[in-house]
Structure formats: structure tokens, C-alpha cells
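Thanks, everyone. Let me walk you through one structure. Have a look at it first.

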Amino acid sequence: MTYRRGFGGLGRAALPSMTLLRELTDRIVLDTVFERAPITRAEIAQTTGISKPTVSEAVRRLEGAGLLLPAGAQTGRQGRVGTYYKVAADAGFVLAVALNSTEVRLTAADLFGTPFHETAAPPAGSGRPEDAAEQLRTMVREALAHGGDARGPLLAVGLSLANPVDPETSAVVALPETPHPAGLFRPRSALAGVTDAPLLVENDINLAALAERWHGAAREAASCAYVHIGAGMGMGLVIGDELVRGARGMAGEIGYLGGSPDRAGDRHGFARAVAEGFATVGEPGLGGAAAVEAARTILDRAAGGDAAAQAVVAREGRTIGEAVAAVCAVVDPELVLLGGPIGGHPALLEPVRDTVTDLAPLPPHVRTGTLAEHASLQGALTQAIHRARTDLWSRANS
């Protein structure tokens, strides 16, 4: 941080306040303990470049707030013996929930991301929004019971939904012919009276893209487009660590590309083309999870050398690659990742990559994502942990 001298009020206004400096120090120290615990004050100073006296003051404040605890004495060295510090076990925990058309999955984890309770179930009821809301309430109540007093309070809930989410209001956006109609409920209303922890609602493909950026195949990429092909189709775009959502949460809805004016009300040109292409060898007329399984069967047969299936996969790879190339012409990502129960199949990678190489102005790297089917849940969990840690730091300075 740069300090500037000036005259009178100008000089004083340019200096950061001592309160701000203290808050920044506490946050850096707390984050360092999260990442490296157990760790001594001297090691924190060495890691962060903050002076030892300043680190000691920050540790005292965080310990006084109940966030840090001594974790034993440093041994095996001469001179002053240091004390190791760790995050208090009862500092709190987080929940992550992923809802889609085939499964509802919940993870409860500590603030290091280590799960202590996990559960999964098929969607409840007959696919109505009120059934999904009640199932969410029930699963969160069960997770709270597993948390108990020993883990402290629930600090944040990350919720992944297979529908667009308005970036300003976090409201679920209803689209025609959504692949997840059960997700069209109001998450905040659903959890009212169950928990008052902050609720972070986000589209599942956006969360999968963030998870790949933070933990997966896109960690070294400055920009990444994550293309999901499954019961629903979409794209998550991450520039640096910033997710591109669009004005109303509609960025990346590539299933709507190429709608046909010859078909009344047809908005789903790309999604329809992919579905119809796989149906040429599978059982036509299937929808949802059945269509996904039929497509995966074709992909497996292609990988096993079946000539008819290989021809279908080559056409499907071309269709998907054309959509990816169109995206590349607009946003020019450094990396494109393929994911989802269909898109993540290894048999699709080569035909998609070849098509993008043929058509894109400057082709990006095209790879398969590494986090597989639970990428969106991991993204929701990471968001919840980040929010919880930020709130802990704020609490220590309140």
C-alpha cells in the first residue's frame, strides 16, 4: 500500500485509517491460519510479510474473538518456543446443496471444506416446485442436527440450481421448457424459519465453471468457458475469478442458440439438435435422465469401436463444436472445458476439438473438465466457505 504525504486535510485523507489496516491484517492472518494451520505467529509473519508484533496483535484479537485456539507448542528447535494456532472447532460450518432434475445432494462441511455429513436422494414428489422446496427444508434440518453445538453455528448455505438465477435478486428465473421445473421455487422463502444463515443461490453450470477455475482444470487459465451437455445445456464463463452472469442471469444459455423460424416457438435450436442427433441410435422420444443414459450408451459403444455409434458421435461432436466456435468468436476464452454427464464423456473430446480447430478464428485449448458430476456442488461449497470466512473476519472486527 502506498502512503502519500500532503498538506492539511489532503494528506490525512490519503492515508488509510488504522481501523482499516487492523481489519486487513486480521483477515490476512485468519486466511493464513485457514490455509496452513497449525502455524506459529513467527511462521505467519514469514509467510505474509507482516511484522511479528503486528501478527501477534492480530492473533490476540482473533483468539479473543474465539476464532483461533492454541494447538500445542513448537518442538525440536532451540531458542524461544512458539505456539501453534488453529481455527476453533466451534467456529462454525457450512452447507452446500445441488438440485437438478435427477438428484438432490447435500454436503455439510467445516470451514476447511472437510465434509462431516453427506446425503443424496432422487427429487421428491412429482416434480413440483413445492415438493423441491419441502425436500430442501428437510435435508437442511437433518444437516443442522448433525452439526450440533460442538461445531458452532451454520454460517452459510450454498445452493446450486439447474435454472438461471438473477444476479441482483438471487431469484430463480423461469424459462420456457426448462429442464428443471421443480427448481422454480423461492429458495429464501423455502428456508425461512429453518436457518437465517446467508443463502448463496447460483446456477449449477456457473458454479461448475467456478469450481473448475478454483480447483480443477482451469486453475492456470486466465479465462475459461465451461460447456455443460446433459439433460440441460449451458455454459459458464469465468474471466480471471469473475463469473460473467449477464444483466438477468442469462449469460451462457447456449441451448437457445440456432432456434428455427420454421418451427413455431422453437427457441432451443442447439439443444434440440444435440438431443435429436443422439436419438438416431438410441431410443427416440426419451427425455430427461433416460435421454442422458441413452446418449451415454451411444458414447460407450463408440469408445468400444462400434462404427454406427462412432458416426453419431462424430456428428454430435461437430454440432457441439460449431456452438463452441461461435462462443469463441464472441468471448475468445483461453480454455474451453467440456463437462456434464454427456459433455464430459471422453469420446466427445476429439470431434469437438477438431471442429473448434477448423472453425474458431484463433482456437482455444479444448479439454474435458476434471471435477466430473459433482463440480456444481463443489462450487457451491467453495462459495459458502468463502462467505463464512469473510463473515468470521468481520465478526472479529465488529
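Start with Arg 353. Arg 353 is partly exposed, at a relative accessible area of 35%; buried would be under 20%, exposed over 50%, and partly exposed is in between, with a 1.4 Å probe and protein chains only. This is a predicted model: local features need pLDDT of at least 70, side-chain atom pairs count only at pLDDT 80 or more, and totals for chains, interfaces and linings use all residues. Residues are numbered from 1 along each chain as its sequence is written, and side-chain values use heavy atoms, leaving out hydrogens and water.

Where does Arg 353 lie? In helix α11, residues 346-359. Helices here are DSSP runs (H or I, at least four residues), numbered from the N terminus. Setting aside residues up to four places away in sequence, Arg 353 touches Val 366 and Arg 367. Contact means heavy atoms within 4.5 Å. A polar atom of the Arg 353 side chain lies 2.7 Å from the backbone oxygen of Val 366.

Now two other helices. Helix α2 (residues 18-36) packs with helix α3 (residues 41-48) at about 105°, axes 10 Å apart. Axes are lines fitted to C-alpha atoms over the stretch in contact, and angles run from 0 to 180 degrees between N-to-C directions. So α2 and α3 are roughly perpendicular, a label for 65 to 115 degrees. In α2, Ile 28, Val 29, Thr 32, Val 33 and Arg 36 meet Ile 44, Thr 47 and Thr 48 of α3.

Last, confidence. pLDDT is the predictor's confidence in each residue, from 0 to 100. The chain's mean is 87, and 89% of its residues reach 70 or more. Over residues 1-14, pLDDT is below 50.

Definitions and conventions. A polar contact is a pair of N or O atoms within 3.5 Å; within protein, one must be able to donate a hydrogen and the other to accept it, and residues adjacent in sequence count only if both atoms are side-chain atoms. Angles under 35 degrees count as roughly parallel, over 145 as roughly antiparallel, 65 to 115 as roughly perpendicular and the rest as oblique.
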